[in-house]
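Work through the exercises below with the sequence and the model open. Try each task before reading its solution.

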Amino acid sequence: MKQDAKLLLNEVEKKVGKRIDLASDFEKLAHLFSLRHVPVSSMSLKKVWAHVQHAEKPSRETLDKLALFVGFQDWESFKETLHGDTDASVNYKNDRDK
């Protein structure tokens, strides 16, 4: 799971165009989520990044929101795309495709 979470965070960082590591980065990222009507707290986001660095385990809800942010329906569909036969085209279109 940790490796999959790391890949998901890399996708989030690619989408926003920068590495997320400062407290202000988590605040800005939480704001970007709210603009897309996906409320997630900066603290929840911080926990996910901490988990990848071996500190905490994030909630399923937060993982779902991160996956949604990068164009997937949820955490499970992100993992299925990584490890299964699911075609990425079944996922939500991202903002660039609108």
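Helices (H or I, at least four residues) and strands (E, at least two) are DSSP runs, numbered from the N terminus. The model is predicted, so local features need pLDDT of at least 70 and side-chain atom pairs pLDDT 80 or more, while totals for chains, interfaces and linings use all residues. Residues are numbered from 1 along each chain as its sequence is written, and side-chain values use heavy atoms, with hydrogens and water left out.

**Exercise 1. State how many helices and strands the chain has, and give their order.**

Solution. Step 1: the count is five helices and zero strands. Step 2: read from the N terminus, the order is α-α-α-α-α.

**Exercise 2. Describe helix H1 by its span and its buried residues.**

Solution. Step 1: H1 covers residues 2-16, which is 15 residues. Step 2: from first to last C-alpha H1 reaches 21 Å, close to the 21 Å expected at 1.5 Å a residue; the expected span is 1.5 Å times one less than the number of residues. Step 3: sort residues by relative accessible area, where buried is under 20%, exposed is over 50% and partly exposed is in between (1.4 Å probe, protein chains only). Asp4, Ala5, Leu8, Leu9, Val12 and Glu13 of H1 are buried. Step 4: look for contacts, meaning heavy atoms within 4.5 Å. The buried residues of H1 pack against H2 (23-35), H3 (42-52), H4 (60-69) and H5 (75-83). Step 5: just after H1, Gly17 has a positive phi of about 80 degrees.

**Exercise 3. Find where His37 lies and whether it is buried or exposed.**

Solution. Step 1: His37 sits in the loop between H2 and H3. Step 2: His37 is exposed because its relative accessible area is 73%. Step 3: the phi of His37 is near 60 degrees, a positive value in a residue other than glycine. Most residues other than glycine have a negative phi.

**Exercise 4. Describe how H2 packs on H3.**

Solution. Step 1: two packed helices are described by the angle between their axes and the distance between the axes. Axes are lines fitted to C-alpha atoms, for helices over the stretch in contact, and angles run from 0 to 180 degrees between N-to-C directions. Step 2: for H2 and H3 the angle is about 120 degrees and the axes are 8 Å apart. Step 3: on the H2 side the contact has Ala23, Phe26, Glu27, Leu29, Ala30 and Phe33, and on the H3 side Ser42, Leu45, Lys46 and Trp49.

**Exercise 5. Name the residues that touch the most other members of the largest nonpolar core.**

Solution. Step 1: such a core is a set of buried Ala, Val, Leu, Ile, Met, Phe, Trp, Tyr and Cys residues joined through side-chain atoms within 4.5 Å. Step 2: among its 23 residues, Leu8, Val12, Leu29, Phe33, Leu45, Trp49 and Leu66 touch the most other members. Step 3: H1, H2, H3, H4 and H5 are the elements giving two or more residues to this core. Step 4: leaving out residues up to four places away in sequence, Leu66 touches Leu8, Leu9, Val12, Phe33, Leu45, Val48 and Trp49.
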